[in-house]
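Open the model in a viewer with both sequence and structure in view.

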Amino acid sequence: MRPSLDIAPILRSMRHHKGAFSLLVLEVALGFVMMTHTLVSMRYYHRLHVQPMGMPDDVLVVARRRFLHPRDVAVAQANQRADLAALARLGAPVAAFDTAPLPDAAAFPVRFTRPGAARETLAWTVRATPGVTATMGLRIIAGAGLDAHQAPAGAGAPVLLTASAAESLFGTIDHAVGQEVNGASFGRGRVAGVVADFWFRGWVPAATSIAVVGAEPVTEHEIIYVLRAPGTDRAPLIQAASAALTAAGDSDSTIGVNALDRRAARFSLLSGGAVVILVWTGFLVIAVALSGSLALASFSVAERTRQIGVRRALGADRGQIVSYFLLENLILTTFGLGLGLVLTIGLNATLRRIMADLQLTSDEVLVSMLIFIVTGLLSALVPARRAALIPPWAATRTL
Amino acid sequence: MTDVLYTLRLVGKSLRRDRWFTAVMLLSQALSVSIFVTALATAQRYSNVTGQARSDVYRIEGDRSLALTNFFRGTQFEGFGEFTANFVSLPTVRAMDATGLPTASTVGFVSVMTGGPVERPPGRLPVRFVGAGHFELFNVDFRYGGPFTGADERAAPPVPVVVLSDALNRQLYGGADSVGRTIRIAGHDFRIAGVMRQRSGKLHLWDFGVSPENTANLMVPFAFADELRPLPAYTWPPTLPELGWRAIAAAPTGMTEYWVRLPSPDARARFATALSAVDPRMRLVSADMIAARFSKAPAPYRVFVILTLVVLEVSVINLMRMLLAKATSRAAEIGIHRALGAPRNAIFFRQMIEGVLVSMVGSVLGLALAFPTITMFDRLIPDSPVPLAITPTVAASTLLVCLLAGLVSGIYPAWRVASVAPTRYLGKI
């Protein structure tokens, strides 16, 4: 009578070796917990790394004029006007900004309110000259850009809100244009237009809640310009902008012109690095579990020589012995994954109290399950093939 | 003693007998420990900062912005919104300094200026404006030279001296002794008086809330603020940069931290009363209490520590499985020992020693592997100019956790082999 491949003898064997098998189940469960959360974290950081910015960052050029000695703001603003005129002659869209896109520094958002309304929102402000719309390639959804805006006298600074900021403050985009807003940093302003969301200030929460405020932004130390090149080859524009700013004639300053490089921004380095570290951590879990299982192969076969010998003596062929081991491993892995799923849900609830963005989805669960089933079967294959080589008479040797 | 040596010899033999198996156990433990140590080192950089300021040092704090605190809650910037409480206006600082109650005090704010060593073209230079009191309030250790003094500040004109952070000294001078060299800031030349020693793998208490690219900075006497016209990196509420230094310095906007030393309870009480008269929203918070806020690491690092703890648990279970398999395979040998009179607890003890030994040797290897791992981490995640370090606390915590892990991983296999009757084992011969 050839022993058939049914689950009952496997379950009996498990009961017999319950200590060793329970440990395997526990290891799979904990490994699964680790792997799912490694994948969850990787997804979070990878999303940050590749998030579309809503602006053509690969054609933008950032120029800075740093003053060697601090100077009065009015003088700096006069410098800015001269510089903008010189840069405009290059034919590329240009605007002055209070900070470069993708600044490395975190900043406080500004509280925005509406006169006579309780509703308020937090938004990141960007102070810029009217060329901001063309330079940053902002898509106007409602109203007009700062360059086309005709502000009535005494109406306050013209403001462009992103769709997110407008919806948050007014409930709808349609009614935002022409409305008065108060920004805690600049005072009264009027909404000139609403633009599609873009992502200017790094990777902070609600990064698309932005208000572009029309101004002549300078400090006593520095002026920042952003130019838009006609294509991704930015070298000619960098050279031309550098020459134009140098020729503007302010020798008490230093000029720096560079292509905007998203990959060099801190948020990009950190999120990219985090993905690599997480891949390494996930690899360690697999390596630890797999190396242990493979190293155990000779022991597990030696321990069960008699059992395998009996099965072979009863007519089981080598393929059936291999299948027996693989099925046994599959059952144990399934138990482990079941327990792991419960633990994963519990750990995810804890981690989300620390970082709300670490949301577990079915994708991570399924991918982790697949990884553990495949590595489990691989780790079982070595002892299974070794066990298949045991001859039937081995059963008699230890009886 | 003889028994212990005999046991250790048996354990050694057992480990040598299956060399590859032992190597796999050690390597898997070492790899898990290396990543766990890295996670601990990253968390330690931003936490447990007690002992950096004297016990009678206080900071003046305002209200936290609840809206901002909620805005950042649950993100990797959790706590950033609470920094709004740190900033006080210069008129408040002047009013409180005028009370004469603090035995030492300092402002503290960072501004990005233009400058650098005179030998090189000027560039971006983060500068921290402080009073000489800074070096009296905090336990500052110097790598080279020393601090500037109150006399330097009060001289007319003030003596142009600065103190560099370790990180900036590394960036500008490759870590060499730069004392006596000249650095130019916004067109003014300053002599370097000292280079502060960075606490190993740990952020300075006064650098919390400063963005990483501004942490490698130099300290300039506040007496030079009117000449250098700094633009504070943070103000609360946010203010317009084009107002210029004089307007910002005169405004009621919070723009600087303000630390004071108030040794006597009477001075503290009188200072608190005077403070509430100047601004009822302000209060005194002790440096110890501020340090206690940073007992926990930032959210991403806490998550990382938890995940690596799970890796360590996987390694413990793995070790347990391997020790169990090894012990079971040596059943006959154990049976002979038992038949010859070895008591159960001797077998148990021997197994436990084997588990703990493997775990501890693996952990020491893991600590060694952690050095290249943290170097890799620093390169991949340039989160701070303060390099990660395996501090004595990190090493001791790791070894303690691993000792516990060794005990846990050894206990079940030891109990299993010690609890079975010798006749059962002898049947396997």
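Select domain 1 of chain A and domain 2 of chain A: their C-alpha centres lie 53 Å apart. Domain 1 covers 7-50 + 268-397, and domain 2 covers 106-216; such bounds come from an automatic or database domain assignment.

Two notes on conventions before moving on. Residues are numbered from 1 along each chain as its sequence is written, and chains are lettered from A and ligands numbered from 1 in the order in which they are written. The model is predicted, with local features needing pLDDT of at least 70 and side-chain atom pairs counting only at pLDDT 80 or more, while totals for chains, interfaces and linings use all residues.

**Chain A as a whole**

Show the C-alpha trace of chain A, which spans about 105 × 50 × 30 Å along its principal axes. In a cartoon view, look for twelve helices and eleven strands in chain A; helices (H or I, at least four residues) and strands (E, at least two) are DSSP runs, numbered from the N terminus.

Buried residues make up 46% of the 399 residues in chain A. A residue is buried if 20 or more other C-beta atoms lie within 10 Å of its own, exposed if 12 or fewer, and partly exposed in between, with C-beta atoms placed from the backbone.

**Strand β6 of chain A**

Select residues 157-162 of chain A, strand β6, where five of the six residues are buried. β6(A) runs parallel to strand β8 (residues 187-195) of chain A, joined by six bridges. Strands count as paired if DSSP finds at least two bridges between them. On this side, A:V159 stands opposite A:V191 in β8(A).

**Between the chains**

Next, select the contact between the chains: 67 residues from chain A and 66 residues from chain B. Two residues are in contact if their C-beta atoms, placed from the backbone, lie within 7 Å. Which element gives the most to the side of chain A that touches chain B? It is α7(A), with 16 residues. That side of chain A divides into 42 nonpolar, 15 polar and ten charged residues. Ala, Val, Leu, Ile, Met, Phe, Trp, Tyr, Cys and Pro count as nonpolar, Asp, Glu, Lys and Arg as charged, and the others, Gly among them, as polar.

**The largest nonpolar core**

Select A:V61, A:L227, B:V162 and B:V311, which touch the most other members among the 232 residues of the largest nonpolar core. A nonpolar core is a set of buried Ala, Val, Leu, Ile, Met, Phe, Trp, Tyr and Cys residues joined through C-beta atoms within 7 Å. Helix α12 (residues 299-329) of chain B supplies the largest share of this core, 18 residues. Centre on B:V311: not counting residues up to four places away in sequence, B:V311 touches A:M34, A:T281, A:L284, A:V285, B:S32, B:I35 and B:F36. A second, separate core of ten residues includes A:Y324, A:F325, A:A380 and A:A384.

**Chain B**

Chain B is divided into domain 1 (2-47 + 299-426) and domain 2 (57-293), with C-alpha centres 46 Å apart. Between these domains, 14 residues of domain 1 are in contact with eleven residues of domain 2.

Move to B:T106 in strand β2 (residues 104-117) of chain B. B:T106 counts as buried because it has 26 C-beta neighbours inside 10 Å. Beyond its neighbours within four places in sequence, B:T106 is in contact with B:V130, B:G131, B:G133, B:H134, B:L137 and B:W259.

**Backbone details in chain B**

- Select B:A156 and B:P157: a cis peptide bond joins them, with omega about -5°.
- Select B:W236 and B:P237: a cis peptide bond joins this pair, with omega about -5°.
- Select B:A186, a residue other than glycine with a positive phi near 45°, in the loop between β6 (182-185) and β7 (188-196) of chain B.
- Select B:R229, not a glycine, with a positive phi of about 50°, in the loop between α8 and α9 of chain B.
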